[in-house]
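Please examine the model below through a series of questions and answers.

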Amino acid sequence: MAHSMMQPQIILLKEGTDTSQGKAQLISNINACVAVVDAVRTTLGPRGMDKLIHTDRGVTISNDGATIMKLLEIIHPAAKTLVDISLSQDAEVGDGTTTVVILAGEFLRESKPFVEEGVHPQSLIRSFRQAGQLAVQRVKDLSISIEGKSAEEKADMLKKCAMTSLNSKLVSGEKDFFAQMVVDAVSVLDPATLDLRMIGTKKVQGGGLRDSFLVDGVAFKKTFSYAGFEMQPKSYKDPKILLLNIELELKSEKENAEIRLNDPSQYQSIVDAEWNIIYDKLDKCVESGAKIVLSRLAIGDLATQYFADRDIFCAGRVQESDMHRVAVATGAQTQTTVNNLNPKVLGSVEAFEEKQVGAERYNLFTGCPKAKTATMVLRGGSEQFIDEAERSLHDAIMIVRRAMKNASVVPGGGAIDMEISKFLRDHARTIAGKSQLFINAYAKALEIIPRQLCDNAGFDATDVLNKLRQKHASKSGDGNNFGVDVNTGGVVDTYASFVWEPALVKINALTAATEAACLVLSVDETVRNPKSEGPDGQGGPGRGMPGRGRGRGRGRGMRR
């Protein structure tokens, strides 16, 4: 007995390490995730509220789930999984970022009572994965394809999808106007790639939302200009365009160059040589026949005046993204030298003009022969409002892209969620054993979407859900498309009233939410070492001695 008392204590982890494990740890993680969900749940749907987030970087007003999750800077390790799925949903399909967070949180909330009663998390995970696969299959079965329709019908369906996405945004009042703009912009893109970078968005304060317009080509803000700029022509028909990546100005030497002269008269020849070099470059630009010269680097006052005298428009320090889009639209090739400029490297465009938009001037290239690009110029009262409008349109653009690539839609407004929920409840009755309860819990969790839509619109959720359950329970299947009507507080056939979303959004949301819930459920121990969580991950104060190659010593990659 005495011998066993003398056994030394075994220390595995560093001093101060906090380990929490078992059921209490899992429930703590679930509570953290549910707390995160409560922060974004009110932003769901057309009547969702906006969040005002004030950080060091400024003020953001948004109801986009991914934007809010990113700005919240969550530090709880388990709750971070919700941030990750929200961002992955945003990157993959663009919309449904709030939906995916709410679903994941609700799956965890429904599993909490089972965990408290001692059910092994692996049993829950197995059933949830099975339910997730069944749900995704059901979405695929219920989706309606838009393949093989005429171009007008397809454009109309894409517009309906864009309107559904914009419904829940700050710009929902002008959703007709913007949905058309988004569909027009995406339709211009190359169907093979649908490259997002080819749609430019420019923001100009002032005016109303309706003053926003789409340029079928490229538009960018007038760059910094020198004297002589105002003498250049501001519009052309069928001009040739030269794109450069060189400076057209007299430069002082970068290095400390030194020239030793024996005779003062030689000094003038060196100055003349500098001028001759720049004039030679400018002459070659003019001889190429280009009427518009754009450069990534500066075009100085001498060059500006020189081009103005020869009726050529020039702009220096053009942003790289704008240069890339001009190159793609006009067929021009960016040059790093002005020697041997042949007609093949020049681009062409039907019309170029400089136009006043609000307080800014914009250069517009329209009627591009190889146009697979478009630019949206957004107007609005305040900076935050235009920023939110841009985020809203980004979501709508992503939705239209997805709908073009995966041409199948499902009814929105919580209709598809109610239908999957009913399907899973029916399926659960055919299963013997515990998993019947778990799949039922998953089915109940799906009802959070229509419930939250009602709560956010200020309607009685219980009443609306009972009506929906009754509609979806009909044997004939004619109630499958019924969802919440946020205008009247009743139920409506959302497919008939054109509340549509691409099936891919729902499939992605269900898959990601199920995975996230399973991930949180599978964690039963968290090990934290507070000492390793100092600033920049360099440990707490006073760890390691400077200059000894440890702790805060000179690390790799630092300047000696």
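Q: What percentage of the 560 residues of the protein chain count as buried?
A: This is a predicted model, in which local features need pLDDT of at least 70 and side-chain atom pairs count only at pLDDT 80 or more, while totals for chains, interfaces and linings use all residues. Residues are numbered from 1 along each chain as its sequence is written, and side-chain values use heavy atoms, with hydrogens and water left out. Buried means under 20% relative accessible area (1.4 Å probe, protein chains only). By that criterion, the buried share of the 560 residues is 47%.

Q: How many helices and strands does the protein chain have?
A: Helices (H or I, at least four residues) and strands (E, at least two) are DSSP runs, numbered from the N terminus. The chain comes to 17 helices and 20 strands.

Q: Are helix 6 and helix 14 parallel or oblique to each other?
A: Axes are lines fitted to C-alpha atoms, for helices over the stretch in contact, and angles run from 0 to 180 degrees between N-to-C directions. The axes of helix 6 (residues 121–142) and helix 14 (residues 435–446) come within 9 Å and cross at roughly 55 degrees. Angles under 35 degrees count as roughly parallel, over 145 as roughly antiparallel, 65 to 115 as roughly perpendicular and the rest as oblique. The two helices are therefore oblique.

Q: Which residues in helix 14 meet helix 6?
A: Contact means heavy atoms within 4.5 Å. Helix 6 contributes Ser123, Leu124, Ser127, Phe128, Gln130, Ala131, Gly132 and Ala135, and their counterparts in helix 14 are Ser435, Phe438, Ile439 and Tyr442.

Q: What is the bridge partner of Lys203 in strand 15?
A: Strand 5 and strand 15 (residues 374–380) run parallel and are joined by seven bridges. Within strand 15, the partner of Lys203 is Leu378.

Q: Which residue in the turn between strand 17 and strand 18 has a positive phi?
A: Strand 17 (residues 482–485) pairs with strand 18 (residues 490–493) in the antiparallel sense over four bridges, and Asp485 stands opposite Gly490. The two strands form a hairpin with four residues between them. The positive phi, about 85 degrees, belongs to Gly489.

Methods
Pairing = 2+ DSSP bridges. Buried < 20%, exposed > 50% of the residue type's maximum accessible area, 1.4 Å probe, protein only.
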